Amino acid sequence: MDGGNVMRICFVTSGRLDAVREEAGADIVCCPLPSLGEVSYERELRGETSCFEDVALRSKALKGVVVCGCYTDARGIRRKSAVVAERGRILGVSDLVNHIDGSEYGCGAGVRVYETACGRLGVVVGEDLCFPQVMETLSLSGADAALCLEEELGEGPELTLIRAQAFFFGLPIALCAFGYAAVADPSGRLSFASPAPVSRTELPKEREYHLIETRRRLLFRPKREF
């Protein structure tokens with residue numbers, strides 16, 4: 001990998017993670033919810049399953065970052081999650097942070113930006129895309145790009161949301177769902193979209209800052225006289 005002005009990303013929207021060959025040359029390989037299926041933390045710790053280890057080993061073989069969606073189970077609390085690994089090492093797990101209308105999936109503790117060799121990568125899980133403050137937090141935290149993991153897309157607003165939030169918060173946003181992948185650039189344009197099981201594109205790393213001034217009507221306390 002290099003630390004240039006783009007992140008080379010490969011989407012695996014259908015099939016197994018090993019559909020990506022080692023010579024693909026991608027900085028990031030992404031699989032949607034729930035490509036890993038159900039993952040129990042207790043069973044992982046006891047060595048009965050090796051889902052996270054498999055992701056780590058695959059990131060080592062691909063010499064890059066691998067992000068996979070899953071449903072995690074922590075002592076009966078189920079969450080929509082994404083495991084992030086780089087070159088053989090688990091960097092962390094990001095969870096859905098907004099619990100909606102009594103959903104069966106619980107919420108996690110917070111959003112996170114991952115420091116990787118190809119740049120700072122923010123991860124958004126599931127319905128968190130519907131909450132602009134999540135993307136705003138990633139942008140303010142210095143993310144070079146955001147990666148949104150979704151289940152199968154229906155007639156929802158996901159493509160509109162990534163375009164609007166890429167424009168509002170000034171960073172490219174990649175969407176990886178079952179059967180579909182898309183990228184919106186900071187101009188609000190949909191720069192990439194594909195239903196292919198495996199597809200590739202690039203995310204630009206653009207950090208452009210502007211001074212924004214506004215006028216507001218405020219109530220100031222009068223100065224105290226001594």
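**Figure 1. Contacts across the chain.** Take the contacts (heavy atoms within 4.5 Å) between residues at least 6 apart in sequence: 59% of them join residues at least 24 apart. This is a predicted model, where local features need pLDDT of at least 70 and side-chain atom pairs count only at pLDDT 80 or more, while totals for chains, interfaces and linings use all residues. Residues are numbered from 1 along each chain as its sequence is written, and side-chain values use heavy atoms, with hydrogens and water left out.

**Figure 2. The whole fold.** You'll find 4 helices and 13 strands here; these are DSSP runs numbered from the N terminus, with helices being H or I over at least four residues and strands being E over at least two. The radius of gyration is 19 Å, close to the 17 Å that the globule rule gives for 226 residues, so the chain is as compact as a globular protein of that length. That radius is taken over C-alpha atoms, and the rule is 2.2 Å times the number of residues to the power 0.38. Along its principal axes, the C-alpha trace spans about 75 × 40 × 40 Å.

Figure 3. Buried means under 20% relative accessible area, exposed over 50%, and partly exposed in between (1.4 Å probe, protein chains only). Look around Ile28: leaving aside neighbours within four places in sequence, its contacts include Met7, Ile9, Val65, Val67, Leu121 and Leu147.

**Figure 4. A cis bond at Pro34.** Most residues other than glycine have a negative phi, and most peptide bonds are trans. Leu33 and Pro34, though, are joined by a cis peptide bond, with omega about -10°. Pro34 sits in the loop between β2 and β3 (38–40).

**Figure 5. Two positive phi angles.** Lys63, not a glycine, has a positive phi of about 55°, and lies in the loop between α2 (51–62) and β4. Its relative accessibility is 58%, so Lys63 counts as exposed. Asp101 also has a positive phi, near 45°, and belongs to the loop between β6 (89–95) and β7 (113–116). Asp101 is exposed too, at 80% relative accessible area.
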